[in-house]
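Here is a short report on selected local features of one protein chain.

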Amino acid sequence: MTQDTGAPEHDSAMIDVSIIVVSYNTREMTLECLRSVVAQSPELSFEVLFVDNQSTDGSFDAVRSEFGADDRFHLIASEVNLGFARANNVLAKQARGRRLLLLNPDTVVLDHALQRLNAFADERSECGIWGGRTMKADGVTLDPRSCWADLTLHGVLFRTIGLSKLLSSSEFFNPHAYGHWQRDSVRHVGFVTGCLLLIDRTLWQKLDGFAPEFFMYGEEAELCLRAKAFGATPIITPDAAIIHYVGASARTKWQTRVKINRGEITLMRLHWSKPRAFIGRELIRFATALRMACFWAISKVRRTEKIRNQASDWKNIWNARSEWLAGYSRND
């Protein structure tokens, strides 16, 4: 790993939040994100710990050119792609704020959201982990993926047979997504996603950060499960909102699904009993095969580009099953 700028010489007692941003081929979005952090956080004492994960689009040079002279920014160019989880672990070791904020580079901070989130954490300090709302690109339409309920076997079953989508407004049949809850109220949740996750630095240190098995997807769910053993109760406030462009660094949708499957199977292996983990894994295998077959059949009747692409995606996911069925390991 190549380090570009030294850690800023702030008194760590004066830093409220260490903002960690991990970038991969999202140059313009990353610049927009960092500009919004500065513009929307005038009353927040913060530092930014930024690492570029071997981008090929000039992300690091662009960030260095615009923010390299700001002593609140600590910039690193990684010589390898560490992935999301491991890159955050590396940067967190250098953080000096009372709290760590994981912030995706494909986000835009709205209406002093980071200040609001930190103030909410001060009010509910016993929770240990805090999150907010994520909005789509228009800044108005909710994107519900700022948090989820814990993964459960019955939730995976309902998702496999399609009831979670058919009865999406029901928290019973769509438990992982909390049904139709609009993230418009303060509420304890299973886990906060890493696009906007605030955590006490002392709690992060007790947990030793993200589990080393993970590359991307599933790591924050696993982190929050372990955090609950230390008394943490992850919580969401609607008063801290950001735009999240979602999956901006992903090359294709099907590759994202492969990583999600791999993360979920790893979480099951680490935290579920062996019988439950086996059933959960097989449900994901069956769901993938079912969707591949269904979209193949539909593509023979409805020959639209969208349907052909969906059929191709599910075929690619199925063909990559040897990769995701094994989950992540510490040697990956």
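Tyr217 sits in the loop between H7 and H8. The model is predicted. Tyr217 has a positive phi of about 85 degrees, although it is not a glycine. Most residues other than glycine have a negative phi. Tyr217 is partly exposed, with a relative accessible area of 23%.

Asp208 lies in the loop between helix H7 (201-207) and helix H8 (219-228). Its phi is also positive, at about 60 degrees, and Asp208 is not a glycine either. Is Asp208 buried or exposed? Asp208 is exposed, with a relative accessible area of 59%.

**Salt bridges**

How many salt bridges does the count come to? The count is 19. Side chains of opposite charge can pair when their charged atoms come close.

| Pair | N to O distance |
|---|---|
| Arg72 and Asp70 | 2.8 Å |
| Arg116 and Asp111 | 3.1 Å |
| Arg281 and Glu282 | 3.1 Å |

Arg281 is partly exposed, at 26% relative accessible area. Glu282 is partly exposed too, at 22%. Beyond such pairs, salt bridges that share partners join Asp16, Arg98, Arg99, Asp122 and Asp200 into one network.

Arg72, the partner of Asp70, is partly exposed, with a relative accessible area of 25%. In the pair formed by Arg116 and Asp111, Arg116 counts as partly exposed at 35% relative accessibility. Asp111 is partly exposed as well, with a relative accessible area of 48%.

**A positive patch**

Which residues gather in a patch of positive charge on the surface? They are Lys165, Lys253, Arg302 and Lys306. Arg302 is placed in the loop between helix H10 (274-301) and helix H11 (305-319).

**Cysteines**

How many disulfides does a search of the whole structure find? The search finds zero. A disulfide would need two cysteine sulfur atoms within 2.5 Å. Two cysteines illustrate the gap.

Take Cys127. The closest cysteine sulfur to its own is in Cys224, 12 Å away, so the two are too far apart for a bond. Cys127 counts as buried, at 0% relative accessibility.

Now take Cys195. Its sulfur is 9.5 Å from the closest cysteine sulfur, which belongs to Cys147. That is too far for a bond. Cys195 also counts as buried, at 6% relative accessibility.

**Spacing along the chain and in space**

Glu66 is found in helix H2 (residues 59-67). Where is Arg35 relative to Glu66? Arg35 is 31 residues apart from Glu66 in sequence and 9.3 Å apart in space, C-alpha to C-alpha. Glu66 counts as partly exposed, at 39% relative accessibility.

Ser185 is placed in the loop between helix H6 (163-166) and strand S10 (187-188). The C-alpha atoms of Ser185 and Ile243 are separated by 18 Å, and the two residues are 58 residues apart along the chain. Ser185 counts as partly exposed, at 31% relative accessibility.

Ala277 is found in helix H10. Is Ala277 buried or exposed? Ala277 counts as buried, at 15% relative accessibility, because buried means under 20% relative accessible area. Ala277 and Leu197 are 80 residues apart along the chain. Their C-alpha atoms are separated by 27 Å.

**In brief**

The salt bridges number 19, and one network joins Asp16, Arg98, Arg99, Asp122 and Asp200. Disulfides number zero.

Definitions and conventions
Residues are numbered from 1 along each chain as its sequence is written. This is a predicted model: local features need pLDDT of at least 70, side-chain atom pairs count only at pLDDT 80 or more; totals for chains, interfaces and linings use all residues. Side-chain values use heavy atoms; hydrogens and water are left out. Helices (H or I, at least four residues) and strands (E, at least two) are DSSP runs, numbered from the N terminus. Buried means under 20% relative accessible area, exposed over 50%, partly exposed in between (1.4 Å probe, protein chains only). Patches are made of residues with over 30% relative accessible area and no salt bridge: like charges are joined within 9 Å, nonpolar side chains (Val, Leu, Ile, Met, Phe, Trp, Tyr) within 5 Å. Accessible areas come from the Shrake-Rupley method with a 1.4 Å probe; for residues, only the protein chains shown count as cover. A salt bridge is a side-chain nitrogen of Lys or Arg within 4 Å of a carboxyl oxygen of Asp or Glu. Lys and Arg count as positive and Asp and Glu as negative; His and the chain ends are not counted. The place of a charge is taken as NZ of Lys, CZ of Arg, CG of Asp or CD of Glu.
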